[in-house]
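Please open the model in your viewer and keep the selection tool at hand. The tour below goes from one selection to the next.

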Amino acid sequence: GVDIEMIPKTSVPTMQGAGFIWTGASPSLMSIPAKKPAYEIRTEHVLPEALKDSPVNVFSYLIHGHKYMTAAWTEMRRNNKYELDAACTSAYDYDLQEFVPTLEEIQLTGGDKLTTRCVYDSSSSDTKIHGGDATQDEMCIIFLMYYPVLPNPSATFLLNKPISQSDYTEGKHTCGVGGACGITGKTSSTTDTTTMSHAVLM
């Protein structure tokens, strides 16, 4: 189902359009071997230099995979230095896919690198798992909801070929370092300026 909460226009100073940044792997270019308890698909995306003149603010995210996904997150680096997790779940639930507000707004600008990492457990599968739309296939996609909306939607569609597909050996990822989980502890003020929706995808 879908729950939508609308903020009256009279209650906010301005209303802004919002868009999505798609990060992750093109489904046709990913696959997961059978009988792997922890297997990672990793992609990297460098944001266009044009964004330096018009940075955007991320305020919510949705992580999308299927039944073999166990965890996923997007790391943001600026000038080759890790800054924060722009999105994160260390316990992915296929039956509960929802937009999650970041605890702080995250500003992205040209040259920032987004590294999306998806981890899967294929122990129960006897065959290789391919990327695709079907439930028995898999995906590695993270949607970052941002404002102000950019005029060219193709600039925010960043699905591409994974830079690595291999066993994951780093242990359970701890969410909480960065904007998705908050740095200073303040809550996002996004609901003061933007119409927000809360959706569950099945």
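Which residues form one aromatic cluster? Select Phe-20, Trp-22, Phe-99, Phe-143 and Phe-157, which together make up that cluster. This is a predicted model, in which local features need pLDDT of at least 70 and side-chain atom pairs count only at pLDDT 80 or more, while totals for chains, interfaces and linings use all residues. Residues are numbered from 1 along each chain as its sequence is written, and side-chain values use heavy atoms, with hydrogens and water left out.

Now keep Trp-22 and Phe-157, a tilted pair with 5.0 Å from centre to centre and 55 degrees between the planes. The two residues are 135 residues apart and link distant parts of the chain, with Trp-22 in strand E2 and Phe-157 in the loop between E12 and strand E13 (164–167); strands are DSSP runs of E of at least two residues, numbered from the N terminus. Trp-22 is partly exposed at a relative accessible area of 30%, and Phe-157 is partly exposed at 43%, where buried means under 20%, exposed over 50% and partly exposed in between (1.4 Å probe, protein chains only).

Next, select the open sheet, whose 4 strands run in the order E2-E12-E5-E9 with antiparallel pairing, two strands being paired if DSSP finds at least two bridges between them. Its edge strands, E2 (19–24) and E9 (100–108), each pair on one side only. Finally, show E5 (residues 56–64) beside E12 (residues 141–147), which pair over 7 bridges in the antiparallel sense, and find Asn-57, whose bridge partner in E12 is Tyr-147.

How values were computed:
Rings of Phe, Tyr and Trp (its six-membered ring) pair if their centres lie within 6.5 Å; planes under 30 degrees apart count as stacked, over 60 as edge-to-face and the rest as tilted.
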